[in-house]
Amino acid sequence: MLQTIRNAWRVEDIRKKLIFMMFIILIFRLGNAVTVPFVDTYLLSAFFQEARGTMFGFLNTMSGSALEQATIFALSIQPYINASIIMQLLTIAIPALERMRKEGGEEGKKKIERITRYATIGIAALQGFAYYTMISNHNDHLGGSMLMPGAEGIFPAIVIVATFMTGSALLMWMGEQITEFGIGNGISIILFVSIVARFPHEIGQMIQRTIADPSTWLIHVLVLLGALAIIVLIVIVQNSERRIPVQYSKRVVGRKMYGGQSTHLPMKVNMSGVLPIIFAQSIASIPATIVMFVPQWQEGRLLQILSMPGIQQDGTHSLGIPYMLVYFLLIVFFSYFYSTVQFNPVEIANNLKKNGGFIPGFRAGKPTSEFIQKVLTKITLFGAIYLAIVAISPMVIGAISPVAAAAGITMGGTSIIIVVSVALETIKQLESQMLMRHYKGFLE
């Protein structure tokens, strides 16, 4: 692997892409250190420390601690993810958008991307205003407003919301630049960096908790072993595929005979990758996030019912059963949604028929497409359940054990699967770049 990295670095095109990607990541990390004016970050950090087991704690992890520091990138890529979800659902629901995507060619694709960008800015403005409302009207024991003294008024509100909105738009643009000029999917790379940036802090806190309470060392060791087991499972499933045998009939063209060879149609077990996890988490977090932004709604058990499992701000231990149920169903839904979008059995069957290919035991045309659809449904169900189990198992453990919830285990499964999946996808893209230049890649 080290030799392959050295070989990749020697290729000028790949080296330029890697340097560009690292430059964008550096700007992203520097932006996470620039705080928004008028916000008392000390009180805000204290609030997020107590909200560790809540949805705010998870959103803070996804932003690389930018949310608790009120930096210009505090909203992270969540507005863009939400806008992408809305646009992809509308593309299926609205025939005009579907025609634009299918028949509009490159121009139609650009129009949809433009609409997604505008939607991202609108969602960022709404989330920025909700964030400002939360920090300006917070009325718990931390001392009321988390704004600096004298920062009340319309001007500070405009500055804070505009900064959050601009930071989210800039982050969206940076992700697109990585996708176009770097290696891998830019939005996934930014999310990967945000999560990995939290790992040293999380490990340090785990060590501190173990020193403060030596009786919890076994819990923390089991958490680490569980994380390693999840990584192994993710790598195995991500590289697994169902291979459907395909036979090509022989044909004579002039004096030469073509075809007759046997090959296979590969179908990934987890065809949609990490996107169902990201999108499901974004939607499942909306109700609890809205309640967190409105202090008056936090009274009673509403927040505890809507939140993920963990230790809440008032010290109570939330089981998070409604959240886990919704999260599970959303992961299954988005797994089927993306497998349907990415893999069209009818189109595959027609292409096989045009090229003289067929699946042994099935006639070309409709029987072939029905068989491919049946196989796709089965492997998508397996992939969806795999994603849901990996994401929810730590939550179930956190719901059962308050000690595990305090250790932040409820966030571990989702973070690990995002990090490992993005890393594998990026390595595969780097490997394809190497194979195009006659290098062996990472498989050696």
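Predicted model: local features only at pLDDT ≥ 70, side-chain atom pairs only at ≥ 80, totals over all residues.
Helix H2 passes helix H10 in a right-handed crossing.

**Helix packing**

Two packed helices are described by the angle between their axes and the distance between the axes.

| Helix pair | Angle between axes | Distance between axes |
|---|---|---|
| H2 (residues 12-31) and H10 (residues 186-196) | about 50 degrees | 11 Å |
| H6 (residues 78-93) and H7 (residues 95-103) | about 100 degrees | 5 Å |
| H7 and H8 (residues 105-137) | roughly 135 degrees | within 6 Å |

H2 and H10 pack at an angle of about 50 degrees. That angle makes H2 oblique to H10. On the H2 side the contact is made by Met21, Ile25, Phe28 and Arg29, and on the H10 side by Ile189, Ile190, Val193 and Ser194. Sorted by class, the residues of this contact are six nonpolar, one polar and one charged.

The axes of H6 and H7 lie 5 Å apart, at an angle of about 100 degrees. H6 is therefore roughly perpendicular to H7. H6 contributes Met87, Leu90, Thr91, Ile92 and Ala93 to the contact, while H7 contributes Pro95, Leu97, Glu98 and Arg101. The contact of H6 with H7 comprises six nonpolar residues, one polar residue and two charged residues.

H7 also meets H8, and the axes of these two helices cross at roughly 135 degrees. H7 and H8 are therefore oblique to each other. From H7, the residues in contact are Leu97, Met100, Arg101, Lys102 and Glu103. From H8, they are Gly105, Gly108, Lys109, Lys111 and Ile112. This contact of H7 with H8 divides into three nonpolar, two polar and five charged residues. Leu97 and Arg101 of H7 take part in the contact with H6 and also in the contact with H8.

**Strand pairing**

Three strands form an open sheet with antiparallel pairing, in the order S4-S1-S7. S4 and S7 are the edge strands, each of them pairing on one side only.

Strand S1 (residues 241-248) runs antiparallel to strand S4 (residues 262-268), and seven bridges join the two. Within S4, Leu265 is the residue that stands opposite Ile244. On the S7 side, two bridges join S1 to S7 (residues 357-358), again with the strands antiparallel. Here Phe358 of S7 is the bridge partner of Gln247.

**Aromatic pairs**

A pair of aromatic rings is described by the distance of the centres and the angle of the planes. Nine aromatic pairs are found when the whole structure is searched. Ring pairs link four residues into a cluster, namely Phe333, Phe334, Phe337 and Tyr338.

How values were computed: Residues numbered from 1 in each chain as written. Heavy atoms only, no water. Phe/Tyr/Trp six-rings, centres within 6.5 Å; stacked < 30°, edge-to-face > 60°. Axes fitted to C-alpha atoms, helices over the stretch in contact; angles between N-to-C directions. Helix = DSSP H or I, 4+ residues; strand = E, 2+ residues; numbered from the N terminus. Parallel < 35°, antiparallel > 145°, perpendicular 65-115°, else oblique. Left-handed = near helix turned anticlockwise from the far one by under 90°. Contact = heavy atoms within 4.5 Å. Nonpolar A, V, L, I, M, F, W, Y, C, P; charged D, E, K, R; others polar. Pairing = 2+ DSSP bridges.
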